[in-house]
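Open the model in your viewer and have the selection tool ready. Each stop below says what to select and what is there.

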Amino acid sequence: MATTDTVYNTTTTEQQSKTRKWLIVPSENLEKIRFAIKVIEVLLSFVAFVMEEVVSNCSHCGPLYFFEFVSCTAFLFTLLLLILLASPLHQRVGINSWPTLDFGYTTAMAFLFLLASVVFASDNGQTSLEQGTVAFGFMATVAFFADFGYFLKVRGIPCRKGNNPPEDHTSTPEIEKLNSNGTE
């Protein structure tokens, strides 16, 4: 007598699902080169932030605080963006235009890091720690601009209308007229 286990096995029991990867590189949103650049951005902005935090005294603290804000923001949000783009988590978030978000964020961070580094370089106590912090700020700026340039080279500007495929608005004619009842 045949067992019923084989009949119901494929439809009623849970199948061994293929292993889910937690890191998807390359993907439709992140190439290997941009993944490496984003990792460098995270590391450089983290080092710049930590070095800025070690500065013990400042004569004019405004530039230092602005640099702190930009480096901390760059570190945290770039890390978040990297995790989202390099994992299946980006599919669970309700954002449809990841390239536009990535391009806008990278562009904004590149210019903010440049501004913060220039301002902090022009008004600091000239200690070796502050000069090292400024150097890491400029290196992070270069990384963000490299990401920006590579994105433009590979994908172009994502929010430009010319980059979207044109929609086909032509209608197909009806094969059968409504009142003909299938007869000619």
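**Before starting**

This is a predicted model, in which local features need pLDDT of at least 70 and side-chain atom pairs count only at pLDDT 80 or more, while totals for chains, interfaces and linings use all residues. Residues are numbered from 1 along each chain as its sequence is written, and side-chain values use heavy atoms, with hydrogens and water left out.

A salt bridge here is a side-chain nitrogen of Lys or Arg within 4 Å of a carboxyl oxygen of Asp or Glu. How many salt bridges does this rule give? The count is 6.

**Stop 1: R155 and E31**

Select R155 and E31. They form a salt bridge, and their closest N and O atoms are 3.0 Å apart. R155 lies in helix α5 (residues 128-155) and E31 in the loop between α1 (5-12) and α2 (32-54), so the pair ties together parts that are 124 residues apart in sequence. Helices (H or I, at least four residues) are DSSP runs, numbered from the N terminus.

Now colour by accessibility. Buried means under 20% relative accessible area, exposed means over 50%, and partly exposed is in between (1.4 Å probe, protein chains only). R155 is partly exposed at 26%, whereas E31 is buried at 17%.

**Stop 2: D147 and R34**

Next, select D147 and R34. Their side chains meet in a salt bridge, with 2.8 Å from N to O. D147 is in helix α5 and R34 in helix α2, so this pair ties together parts that are 113 residues apart in sequence. Are these two residues buried or exposed? D147 is buried, with a relative accessibility of 0%, and R34 is buried too, at 1%.

**Stop 3: D102 and K38**

Select D102 and K38, which form a salt bridge with their closest N and O atoms 3.1 Å apart. The pair links distant parts of the chain: D102 is in helix α4 (residues 98-122) and K38 in helix α2, 64 residues apart. D102 counts as buried at 1% relative accessibility, and K38 counts as buried at 0%.

Salt bridges with shared partners join R34, K38, E41, D102 and D147 into one network.

**Stop 4: T133**

Finally, select T133 in helix α5. T133 is buried, with a relative accessible area of 0%. Which residues does T133 touch, not counting those up to four places away in sequence? They are A48, M51, E52, F67 and F120, where contact means heavy atoms within 4.5 Å.

Conventions:
Helices (H or I, at least four residues) and strands (E, at least two) are DSSP runs, numbered from the N terminus.
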